Amino acid sequence: MASELPFVLSVIGSDGIESYAESIAGAVALIGVAERVNWLAQGRAFDLPFAGERDAVLKAARAVSGARKLDVNVVPVAKRRKKLLIADMDSTIIGCECLDELADIAGLKEQVAPITEAAMRGEIEFEPALRRRAALLRGLPADTMERVYDERVRLNPGARTLVATMRANGAGTMLVSSGFRYFTRRVAAECGFDSEQANELVERDGLFTGEVAEPILGRDAKLRALEAAVTEFGIGFDDVLAVGDGANDLAMIARAGLGVAWHAKPILAAAASAVVAHGDLTALLYLQGYTDEQIDRS
């Protein structure tokens, strides 16, 4: 039976978090009205439905968890399971930054990676930073992308399970990246996304020209993609789960009903409605209330 209380405290960790469950429940009960702990994955993830001041409950629960590697968040009960997943790719669905890997093969990573890091932290604007980095790749053979994909692109743990489970439950799934379509097309196919969007590196005679096709898909374009999908699917923004790791994900994370900062830069973690700093991507399913028995791991 679904809880009648308005919020759920979601706690996700590694095996053996039972010893913290009652301590966290006790701390919550001192602030508001709490139900019993409900295990979604025994020893690894539980819910605690409650009524009370959500920020105070979250602060108390995180204080009890201390330095332990637990992801502790508060989510509303209403519309908890989302009808649309919109995800960033680099360092979110996959474990690398593809542009940095292209630069590494070209012997330019020391020049490119600091620009990437500054852009992801929100210290510089994304679009000019992308143009600066792409310009450094001028003359690099375009087939270097195939080498990067084969040798360096790997799905992050839980990515395929996240997409498969949400699709099995009727949700749409979109990969929206400020990276490049050569990679998003392949990652979307490998991971099972319904659709993908990204930028295009311009090439001529088999070599990169150092240009990115305009308009560049950055922070605002990711938000527009989310807004267009909401209209297309006839759903509300509170039906959307958005996940990313950097500053160019800020707008879509802020607009989604559940905006998750996944192993993210501080600027995004501060703005997101939920933060996953330790768990793999299946944590996004536990945040929605899925149990282990309901997760598609095939």
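Reader: Is Ser 91 buried, partly exposed or exposed?

Author: Ser 91 counts as partly exposed, because its relative accessibility is 22%. Buried means under 20% relative accessible area, exposed over 50%, and partly exposed in between, with a 1.4 Å probe and protein chains only.

Reader: What kind of model is this?

Author: This is a predicted model, where local features need pLDDT of at least 70, side-chain atom pairs count only at pLDDT 80 or more, and totals for chains, interfaces and linings use all residues. Residues are numbered from 1 along each chain as its sequence is written, and side-chain values use heavy atoms, leaving out hydrogens and water.

Reader: Back to Ser 91. Where does it lie?

Author: Ser 91 is in the loop between strand 6 (84-87) and helix 3 (98-105). Helices (H or I, at least four residues) and strands (E, at least two) are DSSP runs, numbered from the N terminus. Ser 91 has a positive phi of about 65 degrees, although it is not a glycine.

Reader: New topic. Which residues of helix 1 are buried?

Author: Ala 21, Ile 24, Ala 25, Ala 27 and Val 28. They cover an arc of only 160 degrees around the axis, which puts them on the same side of helix 1. The arc is that of the directions from the helix axis to the C-beta atoms.

Reader: What is exposed on the other side of helix 1?

Author: Ser 19 and Glu 22 are exposed there.

Reader: And what do the buried ones pack against?

Author: The buried residues of helix 1 pack against strand 1 (7-12), strand 2 (33-34), strand 3 (38-41), strand 4 (45-51) and helix 2 (54-65). Contact means heavy atoms within 4.5 Å.

Reader: Now helix 4 and helix 5. At what angle do they pack?

Author: Helix 4 (residues 109-120) and helix 5 (residues 126-135) pack at about 170 degrees, with their axes 10 Å apart. Axes are lines fitted to C-alpha atoms, for helices over the stretch in contact, and angles run from 0 to 180 degrees between N-to-C directions. Helix 4 and helix 5 are therefore roughly antiparallel, a label for angles over 145 degrees.

Reader: Which residues of helix 4 meet helix 5?

Author: Val 112, Ile 115, Thr 116, Ala 119 and Met 120 meet Phe 126, Ala 129, Arg 132 and Arg 133 in helix 5.

Notes
Parallel < 35°, antiparallel > 145°, perpendicular 65-115°, else oblique.
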